[in-house]
Amino acid sequence: MKLLNHTLLYLSASLIFILSIWAVVFYFSMMDEVYDSIDDGLENYKMLIIKKASRDSTLLQKNRFDESNYAIRPIPRDIALQATEDFRDTSMYMEYDEDYEVVRMLTTYFSTPDEQYYELKIIASMVEGEDLLGDLLHALVWLYVAVIASAFIINNWVLRKIWRPFYRLQHELRGFKLGVDKTFNPPQTKVAEFKDMNDTVAELLRANIAVFQQQKQFLENASHELQTPLAIAINKLELLLEQSQGDDAQQLANAIHYLERMTRLNKSLLLLSKIENRQFAAEARIDFNARLQQQVADFSELLHYRHIDVEITDEAPLVRYFNPDLADVLITNLLKNAVVHNHDGGQIRIVVKADRFEIANTGAAQPLDAEKMFARFYRSSDSSTSTGLGLAVAKAIAQLHRAELTYRYGGGLHRFTFRLPS
Amino acid sequence: MKLLIVEDEKGLRDNIAQFLNKEQYIVEVAASFQAATEKISLYDYDCILLDVGLPDGNGLNLLRELKSKQKRDNVIIISAKDSLDDKLEGLELGADDYLTKPFHLAELNARIKAVLRRKALGGGNIVRLGNMQLDFDSRTLSVDSTEVHLNRKEFDILAFFVVNKNRLIYKSALAEHVWGDHMDNADNFDFIYSQIKNLRKKLKNHGANLEIQAIYGVGYKLTV
């Protein structure tokens, strides 16, 4: 759920609660005010009627409400003296509504100068509680909707504005790749909290980049340092080999073989870290069609020996800017892979298109693990002498050039597709 | 022929010296930039094997000095760095070749011989062995003055054997020399054997008086 919707959710929930309480308080205080006002009116009316009655005694004969809103009737003195003034709600038949409606009635008592006692009833029409409540509820719902809607709009606008540095940081972080980007520049902001967050993130990434670089540098240095002792060991054994015969010579040759395997591993690791350290910056126009042809020619004796049939289809020229060394390593590794994992009398089909080339080969009858296949040191069981780094190197080369190297199995062929970005 | 090995690693220096002594070269060694500078200013060498990463100086500076003094010593750079930039820089400064550690001694031998051959005045880039003559410029072989047709790889194999004659050639040294990075799988040694069989047949048909001996599991040896 987005931050925006979160705020809105909390806001709408608390607003329901607040508005409900507010509505109850509002209702009661309004009713109180209404009663107060009506009762004041009735009180005023009472005084006017009593004053008028003292001047005009015909008023005292008006003992029915009829068209007016008061009625007077005489009562005995002792009852009048005991009675108290009283306001209450009652109902009365209304011609207009053709129904009984709630009215406010003041019942009071007064005496004329000639010691006659009267009971005076004055009515005033009342607001209907039920109607008021309905109206109030109605208004309340609309108010709620309006408040939420405006909150949504304001929130949307304000949040977007306030959180802009956050979204920018988020965007930057999403695009950040450890090992690819050498620095991280957080977006500039004046908001203290975001500034703090940006600085923290930048610091964290700086430390990470430094560790990553160190580690890569270490790998490169380590591989580098290994080259000389390997060279010495291999050469010593070669010298010894010249003086040995028979079984001894074979044992020595075997030892050299393993040292060479180690050398290859080491070279591949060195190459991998150099690729990842972006030490192959130089690019030139590379004609992939021609390079593929050339490399296939370089393999020709081996292909012939193993009766592997190669067919190259140039559907379109593929000429791009690419590092020349890496282009060769890429093609060599992919071709070598297609040869090594092939069977005698097998096939290799190469198709070059405008943005890609595909090298497809016969081999194992089932698809290989496309997930693990490009991982370092992944080896299919049938080859004990491969370094398990050839495809990892090819993948690294692809990534360096923002290209894709993918594997799929189709039509009985293992298909490796190298696709360059357009 | 007089050679100088400039290499700070004792093990490597000793290996190279021991190997080259058998080739009847006069071999001298220098273990540091300082020692090498002295030797170079005092003597002339036919070929200098120069390690770039010396503890007391960059080997490339030694090369610069050599060229500024108009010396004609051939230089083969030996480097632990396998980078095209370094290679190009070395070659631009006037080095004759560039070899990356680790290397096979037979490969080093071939490189030295190629450099010395090119240096030899008037003789052309030609090597004679028994009744055979290899022309490295036109990449052709003739036996008793009759040209034998060899394909590119067959010529490379034979040339490698010839420059390393009477020496044991370890199988992958041959594979690397001829096929480079394309051939680093042990399964492929059968294939190399088959290639040599073809070559042998051609040589035999033309009456070349040499023998390529296979040493099982180890490599080959050319004897005349």
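Predicted model: local features only at pLDDT ≥ 70, side-chain atom pairs only at ≥ 80, totals over all residues.
Figure 1. The cut-off for exposed is 12 or fewer, and for buried 20 or more. The loop shown runs between strand 9 (132-135) and strand 10 (140-143) of chain B. Phi of B:Arg139 is near 55°, a positive value in a residue other than glycine. Most residues other than glycine have a negative phi.

**Figure 2. A:Arg402 is an exposed residue with positive phi.** Its phi, too, is near 55°. A:Arg402 sits in the loop that joins helix 10 (390-400) to strand 10 (404-410) of chain A. The residue counts as exposed because it has 9 C-beta neighbours inside 10 Å.

Figure 3. Most peptide bonds are trans. B:Pro102 belongs to the loop between strand 7 (97-100) and helix 5 (105-119) of chain B.

**Figure 4. Helix 6 of chain B is largely enclosed by the rest of the structure.** The helix covers residues 152-163, 12 residues in total. From first C-alpha to last it reaches 17 Å, close to the 16 Å expected at 1.5 Å a residue. Of the 12 residues, 9 are buried, so the helix is largely enclosed. The buried residues include B:Glu154, B:Phe155, B:Ile157 and B:Leu158. Further along, B:Ala159, B:Phe160, B:Phe161, B:Val162 and B:Val163 are buried as well.

**Figure 5. The largest nonpolar core contains 69 residues.** Those with the most contacts inside this core are B:Val6, B:Leu49, B:Leu50, B:Ile76, B:Leu158, B:Tyr170 and B:Leu174. Helix 6 of chain B provides the largest share of the core, 8 residues. B:Leu158, one of the residues with the most contacts, is a buried residue of that helix. In soluble globular proteins, nonpolar side chains tend to be buried together.

**Figure 6. Contacts around B:Leu50.** Neighbours within four places in sequence are left aside. The remaining contacts of B:Leu50 are B:Val6, B:Gly59, B:Leu62, B:Leu63, B:Val75, B:Ile76, B:Ile77 and B:Ile78. Two of these partners, B:Val6 and B:Ile76, are listed with B:Leu50 among the residues with the most contacts inside the largest core.

**Figure 7. Another nonpolar core lies apart from the largest one.** This core has 43 residues, among them A:Leu272, A:Val352, A:Leu391 and A:Phe416. Chain A as a whole has 10 helices and 11 strands. Of its 422 residues, 22% count as buried. Among contacts in chain A with a separation of 6 or more, 63% join residues 24 or more positions apart.

**Figure 8. The contact between chains A and B.** Chain A brings 32 residues and chain B 30 residues. Helix 5 (192-243), helix 6 (246-276), helix 8 (300-305) and helix 9 (324-340) of chain A each supply at least two residues to the chain A side. Helix 5 of chain A gives the most, with 13 residues. The chain A side divides into 13 nonpolar, 10 polar and 9 charged residues. The predictor gives the complex an ipTM of 0.89 and a pTM of 0.68.

**Figure 9. Predictor confidence along chain B.** The mean pLDDT of chain B is 89. In this chain, 96% of residues reach 70 or more. Among its elements, strand 2 (residues 26-30) has the highest mean pLDDT, 96. Helix 4 (residues 84-92) has the lowest, 82.

Technical notes: Residues numbered from 1 in each chain as written. Chains lettered and ligands numbered in written order. Contact = placed C-beta atoms within 7 Å. Helix = DSSP H or I, 4+ residues; strand = E, 2+ residues; numbered from the N terminus. Nonpolar A, V, L, I, M, F, W, Y, C, P; charged D, E, K, R; others polar. Expected span 1.5 Å × (residues − 1). Core = buried A, V, L, I, M, F, W, Y, C linked by C-beta atoms within 7 Å. pLDDT = per-residue confidence, 0-100.
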